[in-house]
Amino acid sequence: MKAVTTTNAPAAIGPYVQGVIVNGMFYSSGQIPLTPQGEVVEGSITEQTAQVFANLNAVLTEAGTSLSKVVKTLVFLKDMNDFAEFNEAYEKHFEGHKPARSAVEVARLPKDVKVEIEIIAVV
């Protein structure tokens with residue numbers, strides 16, 4: 001296993017790494033809408049989703065892969081009423097590529113953000 005870390009995404013806020021490569025696959029930890037400096041991006045689900053994808057792109061780049069090689073995403077939403085707006089924002093980041101996905105509403109996310117996303121990608 002190879003740990004993946006970059007200063008272009010927020011540092012882990014617990015005992016974990018931003019991602020791990022094993023057997024040619026990259027597994028990310030959940031990314032929330034924090035800047036690389038650790039500040040929460042306030043605003044709509046669209047604005048928060050944009051920051052999450054900026055973070056995911058940073059760790060994917062560090063891992064030597066990209067969104068076009070993502071095979072699975074797991075989405076955690078604070079409020080399923082944001083689902084339609086989230087889908088619009090999410091789709092723009094994959095440019096036609098459609099990985100497998102799960103999306104669930106959760107009671108609470110770290111720092112009370114609206115969205116968290118994990119990914120699995122081919123390296």
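The following legends accompany close-up views of a predicted model.

View 1. The largest nonpolar core comprises 23 residues. Within this core, Phe 26, Phe 86, Val 115 and Ile 117 touch the most other members. At least two residues each are supplied by helix H1 (45-63), strand S4 (70-77), helix H2 and strand S6 (115-122). Helix H1 makes the greatest contribution to the core, with eight residues.

**View 2. A patch of negative charge on the surface.** Four residues, Glu 47, Glu 85, Glu 88 and Glu 91, gather on the surface in a patch of negative charge. Helix H2, which spans residues 83-94, gives the most to the patch, with three residues. Glu 91 is a residue of helix H2.

**View 3. The salt bridge between Arg 108 and Asp 112.** The side chains of Arg 108 and Asp 112 meet in a salt bridge, with an N to O distance of 2.6 Å. The count of salt bridges in the model comes to one. The two partners may be described by their accessibility. Arg 108 has a relative accessible area of 62% and is exposed, whereas Asp 112, at 39%, counts as partly exposed. Arg 108 is classed as exposed because its value lies over the cut-off of 50%.

View 4. Lys 111 is located in the loop between strand S5 (100-105) and strand S6. The phi angle of Lys 111 is near 60 degrees, a positive value in a residue other than glycine. Asp 112 is found in the loop between S5 and S6. Although Asp 112 is not a glycine, this residue has a positive phi of about 55 degrees. Asp 112 is also the salt-bridge partner of Arg 108.

View 5. Thr 35 belongs to the loop between strand S3 (25-28) and helix H1. The relative accessible area of Thr 35 is 15%. Thr 35 is therefore buried, as this value is under the cut-off of 20%. Thr 35 and Ala 107 are separated by 72 residues in sequence. In space, the C-alpha to C-alpha distance between Thr 35 and Ala 107 is 23 Å.

Technical notes:
Residues numbered from 1 in each chain as written. Predicted model: local features only at pLDDT ≥ 70, side-chain atom pairs only at ≥ 80, totals over all residues. Heavy atoms only, no water. Patch = residues over 30% accessible without salt bridge, like charges linked within 9 Å, V, L, I, M, F, W, Y side chains within 5 Å. Areas by Shrake-Rupley, 256 points an atom, 1.4 Å probe, with all protein chains shown as cover. Lys, Arg positive; Asp, Glu negative; His and termini not counted. Charge placed at Lys NZ, Arg CZ, Asp CG, Glu CD. Helix = DSSP H or I, 4+ residues; strand = E, 2+ residues; numbered from the N terminus. Core = buried A, V, L, I, M, F, W, Y, C linked by side-chain atoms within 4.5 Å. Buried < 20%, exposed > 50% of the residue type's maximum accessible area, 1.4 Å probe, protein only.
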